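Please read the points with the sequence and the model open beside you.

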Amino acid sequence: MAKSCKGLAMELVKCLSESDCVKVHKRPYRECAGEKTPDISSECVGLRETYFNCKRGQVDMRARIRGNKGY
C-alpha cells in the first residue's frame, strides 16, 4: 500500500519540473507544489489534488481494508 501513490508522485514531480515556477523562478519543488501560484499549470494542480487524495486514502481506516485505489 505504500507504493500505490508512487506513480502520481513521479508525474507530479515531472509536471512541476517543467513549470515556470521551477524553471524560471528557481524555486524548490516543495514550495511550488504547496502554493497556488499562477506559475504552475492546471494539470499540475489536478495532479497535486489527486496525489493528496491518494495519500489521504492510505491512512483512511475505511479504505485500509479494501486497499487504496492505485494509480
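Which residues of the largest nonpolar core touch the most other members? The points below begin with the basis of the model and then come to that question.

1. Basis of the notes. This is a predicted model, in which local features need pLDDT of at least 70 and side-chain atom pairs count only at pLDDT 80 or more, while totals for chains, interfaces and linings use all residues. Residues are numbered from 1 along each chain as its sequence is written, and side-chain values use heavy atoms, with hydrogens and water left out.

2. Overall make-up. The chain has five helices and zero strands, where helices (H or I, at least four residues) and strands (E, at least two) are DSSP runs numbered from the N terminus. Read from the N terminus on, the order of the elements is therefore α-α-α-α-α.

3. Surface and burial. The accessible surface of the chain is about 5,300 Å², and 56% of this belongs to carbon and sulfur atoms; such areas come from the Shrake-Rupley method with a 1.4 Å probe, and for residues only the protein chains shown count as cover. Of the 71 residues in the chain, 31% are buried, a term that stands for under 20% relative accessible area, as against exposed for over 50% and partly exposed in between (1.4 Å probe, protein chains only).

4. The core. To return to the opening question, the largest nonpolar core has 13 residues, and Leu-16, Cys-32, Ile-40, Cys-44 and Leu-47 touch the most other members. A core in this sense is a set of buried Ala, Val, Leu, Ile, Met, Phe, Trp, Tyr and Cys residues joined through side-chain atoms within 4.5 Å. Two or more residues come from each of helix H1 (6–17), helix H2 (20–23), helix H3 (29–34) and helix H4 (42–59), and H1 gives the largest share, four residues. In soluble globular proteins, nonpolar side chains tend to be buried together.

5. Contacts. Beyond its neighbours within four places in sequence, Leu-16 is in contact (heavy atoms within 4.5 Å) with Val-22, Tyr-29, Cys-32, Ala-33, Ile-40 and Cys-44. For the chain, 52% of the contacts with a separation of 6 or more are between residues 24 or more positions apart.

6. The disulfides and their pattern. If a disulfide is taken as a pair of cysteine sulfur atoms within 2.5 Å, the count comes to three. With bonded cysteines counted along the chain, the pattern is 1-6, 2-5, 3-4.

7. Cys-5 and Cys-54. This disulfide has an S to S distance of 1.9 Å, and the torsion about its S-S bond is about -95°, so the link is left-handed. The pair joins distant parts of the chain, with Cys-5 in the segment before H1 and Cys-54 in helix H4, 49 residues apart. Both Cys-5 and Cys-54 are buried.

8. Cys-15 and Cys-44. The sulfur atoms of Cys-15 and Cys-44 are 1.9 Å apart in a disulfide, which is left-handed, with -100° about the S-S bond. Here too distant parts are linked, since Cys-15 lies in helix H1 and Cys-44 in helix H4, 29 residues apart. Cys-15 is buried at a relative accessible area of 10%, and Cys-44 is buried at 2%.

9. Cys-21 and Cys-32. In this disulfide the sulfur atoms are 2.0 Å apart, and a torsion of about -90° about the S-S bond makes the link left-handed. The pair connects Cys-21 in helix H2 with Cys-32 in helix H3, eleven residues apart, and both cysteines are buried.
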